[in-house]
Amino acid sequence: MRRRTRPLRLRIVFAVAVPIAIVAAWQIVATARPSLYWPSPLMIVQSFGRTWLDGMIVQDVLPSLGRFVVGYLIAVVVGVVLGLLIGSFRRLRYAAEPVIDIFRAVPPPVIVPVVMLFVGIGDDMKIIVIAIGSVWPVLLNTVEGVRGIDEVQRSTADSYRVSPWRRYVRIALPAATPQILVGARQSLSIALIMMVISEMFAATNGIGFNIVQFQRLFALPEMWGGIVILGVIGVVANVLFTFAERRVAAWHFGMQESR
Amino acid sequence: MRHTAKALTAAAALVLALTGCAGGPAASETPATPGALRAVNIGAVPTVDIAVLYLGEKQGFFEDQGLELDIEFGAGGAALIPALINGQYDIIYSNIISALQGVERGLPLVVTAPAGVASGDVEADTAAIIVPDDSAIQSPKDLEGKTVAVNTLSNLHEIMVREVVIKDGGDPDAVQFVELGLPDMGAALDSGQIDAMSTSEPWVGTWMQAGDDRIIALNPSEADVDFIHSVYLTTQEKAQADPGLIEAWRAALEESFAYAMDHVDEVKAEMANFSDVDPGILQQMAMSRYTVDFSRDDVLRVAEMTQRAHVLQDPEKATDLLIDGAAG
Amino acid sequence: MTTTSASLPAARERTRARGRAEPFLWGLVGVVVLAIALQVVPALGIVNPQFFPPLDRVVVAFAGELATPAFWSALLATLYGWLLGLAIATVAGVVLGVLIAGIPIVAELLNSTIEFLRPIPSVALVPLVVLLFGISMQATLVLVVYASLWQVLIQVMYGVRAVDVVATETARSYHVASWRQVTRVIWPSILPYVFVGIRLAATVALVLEITGELVIGSPGLGKQISLAQTSGAVDTMYALIWVSALLGVVVSIGSRAAERRTMFWHPSIRGEV
């Protein structure tokens with residue numbers, strides 16, 4: 001059965017219908033039976049003006065986002081570089097895989113006190129925690145991607161004594177790109193989680209930090225506001241990633257064609 | 001394929017049944033047999049103040065009142081309070097700041113008795129502001145512009161430090177507070193990441209043992225000689241529904257406190273049972289003052305300090321809410 | 001390499017055996033190198049051994065833990081929470097997935113909601129969950145289920161969409177009742193996707209279980225790690241960290257192996273890491 005594509009207006013209605021219904025229902029229930037833990041959406045929005053939008057954007061949201069982006073980019077770069085190396089040498093891959101599996105399975109909050117011992121309590125610690133936590137999907141998927149490279153390509157490169165630079169950047173990297181992108185998307189969600197976790201300990205600012213502080217002070221509407229902000233960031237990050245993915249895919253296909 | 005599906009469905013049904021058994025919070029109930037001891041669920045933190053309870057129980061003070069204590073350790077005031085409201089505990093040990101903040105937000109908390117009060121002696125008390133020996137910081141006023149580590153922001157230690165800075169003529173808002181776990185403070189101080197720490201026993205003893213640190217203030221006595229730092233809380237509902245329990249609890253506490261004040265070594269010995277602290281440190285440890293008596297004024301003063309720290313709006317209202325219904 | 005036609009199968013078998021042994025041997029080399037590094041780096045003082053003890057002290061602490069009943073009950077608590085959460089997430093994910101993806105209108109309506117809720121990191125819900133459930137196994141359970149549900153749900157929805165359209169049409173044209181359609185046609189077709197979802201959810205569930213125990217304080221390995229940390233028992237803390245990591249590795253390998261055995265033909269076995 002062929003799907004008729006719906007007109008844009010209808011698509012928008014469909015997209016917002018359920019969320020609006022949920023918010024409306026929540027508002028009605030919360031007004032009828034006020035609960036400390038489930039403040040009404042109106043209260044949450046009002047608290048936004050008092051707190052999150054009153055200087056906190058600059059003080060907390062921007063630093064959080066900054067650390068998130070930097071940590072994520074470090075994870076991607078390190079993951080791709082290491083992945084290219086490890087994936088290209090069979091024996092190195094065999095040796096590295098169990099070690100990677102072990103490190104990857106360390107529970108994220110545990111990384112924080114350990115990194116704190118080495119780097120202290122500043123932004124460095126948070127960025128490193130984010131990077132260490134989120135590098136694994138990119139790393140593993142890069143290794144997988146390099147593994148799958150066409151044998152013909154590889155032996156051709158061998159017999160023509162292609163330089164390492166060409167071998168990795170011109171051949172391996174583009175070929176592995178689709179798989180790398182899969183890993184990079186997984187790493188994105190993990191980086192967001194690590195950002196929150198890194199701010200729950202020894203922090204002085206940040207979204208995660210404030211969510212915890214609001215909870216301690218029993219400031220529920222403000223706390224919910226933080227959760228909403230995190231949801232928005234997650235959605236936006238994923239949308240931006242999809243855009244970036246399409247650009248990279250275009251470049252990738254360009255590289256493949258030009259050979 | 002078919003039998004796999006059936007097996008999976010059966011397993012799923014079994015698991016759903018198990019979920020039902022995972023159950024909700026356990027509420028305490030009066031025992032069926034009269035004359036049997038009434039179990040009291042207590043949520044607490046492994047500090048020396050709880051050793052007083054254990055000691056009192058050993059001496060039979062709680063049994064005399066028909067009570068049997070069931071003490072469980074949790075992560076701290078802000079975490080135990082929701083558990084109390086959930087019905088998981090009958091009474092919890094909490095720092096007074098979280099209690100004040102909670103009632104201001106509408107949580108139905110009520111003080112049954114103080115759990116620990118300032119020793120009254122500025123030379124010997126349970127909390128201290130510690131700096132490295134070679135630090136330029138000589139008195140609380142010097143903390144302006146410096147970084148001080150506390151184990152929970154906007155809470156007891158931050159408020160005590162702010163008070164002593166004010167008393168020393170400084171501006172508490174100029175002090176940078178950062179939150180660190182208790183065991184992490186020593187390394188941070190040594191490496192210069194923080195300029196000072198405010199911590200409680202037995203950590204004070206632990207860090208001072210290394211020998212290269214110095215104390216610049218002893219709390220809470222220096223902040224307020226009659227500072228009630230911790231309280232035993234229950235819900236308004238429970239206090240109204242079961243005043244007999246609260247009466248019995250306070251009576252047993254009174255005896256336990258009196259005994260503890262006279263037998264400090266036994267309290268410390270009791271603490272060794274649930275804590276891994278080095279006995280040498282335990283021995284040197286200063287102690288709080290224990291009393292069931294408290295006045296509205298005592299609580300109000302703490303509330304006002306909390307307001308000065310910008311983390312409480314209405315001290316009068318919070319104080320009234322907190323002690324309303326208390327048998328004190 | 002020249003071989004006579006008579007010995008070719010034997011040579012091939014030898015190569016295959018060597019091929020099976022080689023990854024294992026090199027993997028062992030990797031782990032040994034790691035172990036040596038973990039011993040030598042702190043022992044030489046490159047990092048402060050007070051905060052990152054050498055491997056031998058950690059191993060001793062580990063042996064000590066094995067003898068402690070508290071360790072075993074913590075391990076059981078972690079496993080229980082993990083399995084329970086995974087099971088609930090699986091059942092809920094399958095039911096919701098079939099309902100949502102099976103009825104096209106519902107899928108379109110709920111799409112935006114799912115895409116908004118999915119990226120919310122479950123750890124952000126920790127403060128909320130502590131307020132609602134206190135420090136209990138249920139609090140962590142909510143976290144585990146929330147995070148793992150998406151893995152199963154998404155996979156099941158893929159599966160439902162991919163269900164053999166011809167089969168459903170045939171069933172419909174023969175007026176087979178909907179319930180039978182579900183059990184006889186849809187369920188077997190989506191089973192491979194369910195298994196993929198379970199595999200992905202298994203790792204996520206374990207990580208969240210231990211994270212919840214650490215941050216919230218519910219009983220389990222995570223809580224033991226936190227206790228060890230606050231009492232300054234650094235050796236024990238690292239021993240427990242490695243136990244959690246090894247547990248994660250076992251779960252990951254185990255679920256992959258189980259899935260491979262049942263679903264060896266499914267493309268995602270080769271695709272996802």
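**Working through the model**

Reply: In H5(C), the buried residues are Val126(C), Pro127(C), Leu128(C), Val129(C), Val130(C), Leu131(C) and Phe133(C). Buried means 20 or more other C-beta atoms, placed from the backbone, within 10 Å of a residue's own; exposed means 12 or fewer, and partly exposed is in between. Helices are DSSP runs of H or I with at least four residues, numbered from the N terminus.

Me: What kind of model is it, and how are things numbered?

Reply: This is a predicted model: local features need pLDDT of at least 70, side-chain atom pairs count only at pLDDT 80 or more, and totals for chains, interfaces and linings use all residues. Residues are numbered from 1 along each chain as its sequence is written, while chains are lettered from A and ligands numbered from 1 in the order written.

Me: How many residues of H5 in chain C are buried?

Reply: The count is 7 of 8, so helix H5 (residues 126-133) is mostly covered.

Me: What follows H5(C)?

Reply: Gly134(C) does, and its phi is positive, near 70 degrees.

Me: New topic. Why does Gly186(B) count as buried?

Reply: Because it has 22 C-beta neighbours inside 10 Å. Gly186(B) is in helix H7 (residues 185-190) of chain B.

Me: How far is Gly186(B) from Thr206(B)?

Reply: Their C-alpha atoms are separated by 8.9 Å, and the two are 20 residues apart along the chain.

Me: How many residues of chain A are in contact with chain C?

Reply: 45 residues of chain A contact 45 of chain C. Contact means C-beta atoms, placed from the backbone, within 7 Å.

Me: Which helix gives the most on chain A's side?

Reply: H4(A), with 9 residues.

Notes
Helices (H or I, at least four residues) and strands (E, at least two) are DSSP runs, numbered from the N terminus. Two residues are in contact if their C-beta atoms, placed from the backbone, lie within 7 Å.
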